[in-house]
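This report covers side-chain contacts between aromatic rings and between charged groups. The sequence and the structure come first.

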Amino acid sequence: MSTRDLAWAVIAVVAAGCARATVVETPNLGRPATAAQIAGWDISVGPDGVGLPPGSGTAAKGAVVYEQKCQACHGVRGAGQPNDRLVGGQGTLASQTPVRTVGSYWPYATTIFDYVRRAMPYLQPQSLTNDEVYAVTACLLRLNGIIGESDEINAQTLPRISMPNRDNFIVVYPMKPAPR
């Protein structure tokens, strides 16, 4: 057997051993998630509004939902206590005592919708209807002076809202233009 043939034989044996080594044993716990289960949690909304569901809401409608489902944790009109403050803080980010709220810090209005729908109310996440989430989002935007009381937000209008601190964020992964 030539040196070259011996080298190929060694490579073949090593490759065969590696192929067997890739079998992964698992503790056999749980079961694979179904497509329906995954779809229930695949609810991300991007800054551009991709993923926003049908529905709509106004600040006036949102004030009612906020009072019923948010106020106990976030205070009257989003003032905070016992949990995070949601309103105010504009102009404080460069100060010694910055106040980071939805209105002073967050770069995209769609992020408010995404977070509220995904995680709120804290003890009952994903319990709000899409209309309630749009309404609470509108309420928070109104309390921060970003939209008017009767402005309706929905999948078309929400991504067009420009947040006060939007330009102070650096986009690490800019969106690529669509191919032509």
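A residue counts as buried under 20% relative accessible area, as exposed over 50%, and as partly exposed in between. Tyrosine 105 has a relative accessibility of 33%, so tyrosine 105 is partly exposed. The model is a predicted one.

Three aromatic pairs are present in the structure. One of them joins tyrosine 105 and phenylalanine 169 in an edge-to-face arrangement, with 5.3 Å from centre to centre and 65° between the planes. Tyrosine 105 belongs to the loop between helix H4 (71-74) and helix H5 (109-119), and phenylalanine 169 to the segment after strand S2 (152-154), so this pair ties together parts that are 64 residues apart in sequence. Phenylalanine 169 is partly exposed, at a relative accessible area of 31%.

A further aromatic pair consists of phenylalanine 113 and tyrosine 134; the pair is tilted, with 4.5 Å centre to centre and 45° between the planes. Phenylalanine 113 is in helix H5 and tyrosine 134 in helix H6 (residues 130-143), 21 residues apart, and the pair links distant parts of the chain. Phenylalanine 113 is buried, with 0% relative accessible area, and tyrosine 134 is buried, with a relative accessible area of 0%.

Tyrosine 105 also has a charged neighbour: arginine 100 lies over the face of its ring, 5.7 Å from the ring centre.

**Salt bridges**

Side chains of opposite charge can pair when their charged atoms come close. The count of salt bridges here is three.

| Lysine 69 | Glutamate 132 | 3.5 Å |

Which parts of the chain does the bridge between lysine 69 and glutamate 132 tie together? Lysine 69 lies in helix H3 (residues 59-69) and glutamate 132 in helix H6, so parts that are 63 residues apart in sequence are tied together. Lysine 69 is partly exposed at 36% relative accessible area, whereas glutamate 132 is buried at 19%.

Aspartate 114 and arginine 118 are four residues apart in helix H5, so about one helical turn separates them. Aspartate 114 counts as buried at 14% relative accessibility, and arginine 118 as partly exposed at 25%.

Terms used:
Residues are numbered from 1 along each chain as its sequence is written. This is a predicted model: local features need pLDDT of at least 70, side-chain atom pairs count only at pLDDT 80 or more; totals for chains, interfaces and linings use all residues. Side-chain values use heavy atoms; hydrogens and water are left out. Rings of Phe, Tyr and Trp (its six-membered ring) pair if their centres lie within 6.5 Å; planes under 30 degrees apart count as stacked, over 60 as edge-to-face and the rest as tilted. Helices (H or I, at least four residues) and strands (E, at least two) are DSSP runs, numbered from the N terminus. Buried means under 20% relative accessible area, exposed over 50%, partly exposed in between (1.4 Å probe, protein chains only). A charge sits over a ring if NZ of Lys or CZ of Arg is within 6 Å of the ring centre and within 35 degrees of the ring normal. A salt bridge is a side-chain nitrogen of Lys or Arg within 4 Å of a carboxyl oxygen of Asp or Glu.
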